[in-house]
Amino acid sequence: MLNDLKHHLREDKMSHILCPGCGHGTIMNALVHSIDELDLDKDKTVIVSGIGCSSRIPGYLNFNTLHTTHGRALAFATGIKLANPELKVIVITGDGDASAIGGNHLIHACRRNIDITTIIFNNNIYGMTSGQFSPMTPVGSYATTAPYGNIDRGFDLCNLAIGAGATYVARGTAYHVSMLTKLITEAVSSKGFSVVEAVSHCPTYYGRRNQLKDAVTMLEWQKDHAMPAKAFEKLPEEKTKGKFPIGVLHDKPAPEYCEEYQKIIDAQKEDN
Amino acid sequence: MQKNIKLMQGNEACVEGALAAGVTFFAGYPITPSTEIAEILAMRLPKIGGKFIQMEDEIAGMAATIGGSLAGHKSMTATSGPGLSLKQENFGYALMAEIPCVVVDVMRGGPSTGLPTATSQEDVMQARWGTHGDHAVIALAPYSVQDTYYTTIKAFNLAEKYSMPVLVLLDEVIGHMREKIEIPEKIEGIEPRKTPNGDKENYLPYEAAPDKGPILAPFGSGYRYHVTGLAHDFTGFPTTDAKKVKYLKDRLRDKVYKNLDDIVEVEEINTDDIDLLVVAYGSISRSAASAVEEAREAGLKVGLLRLKTIWPFADMYIDKYADKVKAMIVPEQNQGQIVYEVERVVAGRAKVYAENRYDGELMTPQQILDRVKEVYTNA
């Protein structure tokens, strides 16, 4: 099986930059399995990223790949998709990239509902710059720029995406890898703007400072704190305290941007 | 045959030039005094099957312009000084990744929000050094509505030829002034988007001669490759190999600076047998042309060098006159920016004077004429 997937990778560009125990490789693995299952045409698939650890992943994938500036991947991707809607466009981004510096682009890509899938590798920290807190770092956690504990309130990126108008929103984890694969497959298949928040882990820069001593401990944390979305919705608040829902959180189609633009072209074209 | 003569604004002429050059993609954000360019393209592009998108901010406008270009379209955006400040991040990306596109800056008074509806030439140094790191840029500055049409076409041609973003600097007064313009039936020499035709498996997107731009395949054409803003080798993948990094950075410089004859354009007006040279660009070069004409009528040996390419700077033309004239005057609609470039090239061989206006009102021919007479008398 593994050998069958190798053609999706640029093996000559490895070894990769990810640290031992990093959750990002597992999420990349889920993405590659999804792409394989969907049998995407390599020539017609574009993978776009911003800046950060997760954003280096497109370099290892054998597609049209674009490593852009910090936070801006969705804006580049929007240009590509609108310019050529035949292309399947997937964005890989991290929690800092997507929610801080790129927050505005995320909101408006959701609102526009352009047919792009965004996978947010959320490891709750800026890993590439060695461990500063991000908008996804929990209150009370430690980071190099929160040496006395983080007082910045975080927010729920999936709720943000739903509120801003994304038509498919899901959350998975690096622990629940087969579920994550399924969620990515659904997201890429769904027409419109889809967001998958993939909860990852950074043992090097987050775990080490926050009593999560290794990758196994961090994966166990994901296992213990994730709860299927359906159960999460039904249970009273005291039973869901400290937990987070995983699975499909929102799936509601809406008019897709490129198709709406095509209608304008069809109506306005001079040779009509 | 009847000529196609129209009355239009510089911003409209810019759109006409872009369409003649083959633009099919625009991404931008509203900003005075450039907004008409976006508004007209929002109307015109779908009619030819092209795409227009208004993005959430200036940064995204530049990013999506690059995305449109990577997908194979001739692509552009338009802004003004404050927007260009925001675009600089991804403008630098387009320089590093060598993505052809055109960025129009209709200049208004600064700094900051400044004078949104008043003319200026205050962005010429922002155009040169606004993005971080070593880099070469191409920036063109038209002086009339008709010239805006041809300059925009030239900007697209240079963008495609050298595979890089090219700036068009319009003064607000050029953008908003209405003048007669003749739009030709057909434009010769439109530079097409280059596409590779070799083996797809062994495609090296960034393999290019030391003084040339690369040939980047449109995404989706079957040539799969990697694009990054990191220093990269011929494959497009990141490298820190000092030799490869140096080759790339030298090439990014030399594809511009070893092709100056192709890129740099000036007009030399009344420059035979002169004692004094006025060096000007954009709208101010028109005030200067009137001043020079009047000075000539008064018997003064004065000429005008009109810079049409601002960057790379027209060193060879300044150099040519530095030994011939006693003085040069550089009138600018700012507190003095290009004057330092002139001083650098002249290097003491003649006196160089700045003449400036930066209060939002257009510099008059009289202001330049008075300075010409004063310098001429004292030289």
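These legends go with close-up views of a predicted model.

Local features need pLDDT of at least 70, side-chain atom pairs count only at pLDDT 80 or more, and totals for chains, interfaces and linings use all residues. Residues are numbered from 1 along each chain as its sequence is written, chains are lettered from A and ligands numbered from 1 in the order in which they are written, and side-chain values use heavy atoms, with hydrogens and water left out.

**View 1. W221(A) and F244(A) form a stacked aromatic pair.**
A search of the whole structure finds nine aromatic pairs over all chains. Rings of Phe, Tyr and Trp (its six-membered ring) pair if their centres lie within 6.5 Å; planes under 30 degrees apart count as stacked, over 60 as edge-to-face and the rest as tilted. Here the distance is 5.9 Å centre to centre, with 25° between the planes. W221(A) lies in helix α8 (residues 215-225) and F244(A) in strand β8 (residues 244-251), both of chain A, so the pair ties together parts 23 residues apart in sequence. Helices (H or I, at least four residues) and strands (E, at least two) are DSSP runs, numbered from the N terminus. W221(A) is partly exposed, at 34% relative accessible area. F244(A) is buried, at 13% relative accessibility. Buried means under 20% relative accessible area, exposed over 50%, and partly exposed in between (1.4 Å probe, protein chains only).

**View 2. F26(B) and F52(B) stack in chain B.**
Their rings lie 5.5 Å apart, centre to centre, with 5° between the planes. F26(B) sits in strand β2 (residues 25-28) and F52(B) in strand β3 (residues 51-54), 26 residues apart. Both F26(B) and F52(B) are buried.

**View 3. The charged end of K200(B) sits over the ring of Y223(B).**
The distance to the ring centre is 5.5 Å. A charge sits over a ring if NZ of Lys or CZ of Arg is within 6 Å of the ring centre and within 35 degrees of the ring normal. Y223(B) also belongs to one aromatic cluster with Y203(B), F219(B) and Y225(B).

**View 4. Domain 1 (5-182) and domain 2 (266-378) divide chain B.**
The bounds come from an automatic or database domain assignment. In chain B, 27 residues of domain 1 are in contact with 24 residues of domain 2; contact means heavy atoms within 4.5 Å. Across this interface of chain B, the rule finds two salt bridges. Each is a side-chain nitrogen of Lys or Arg within 4 Å of a carboxyl oxygen of Asp or Glu.
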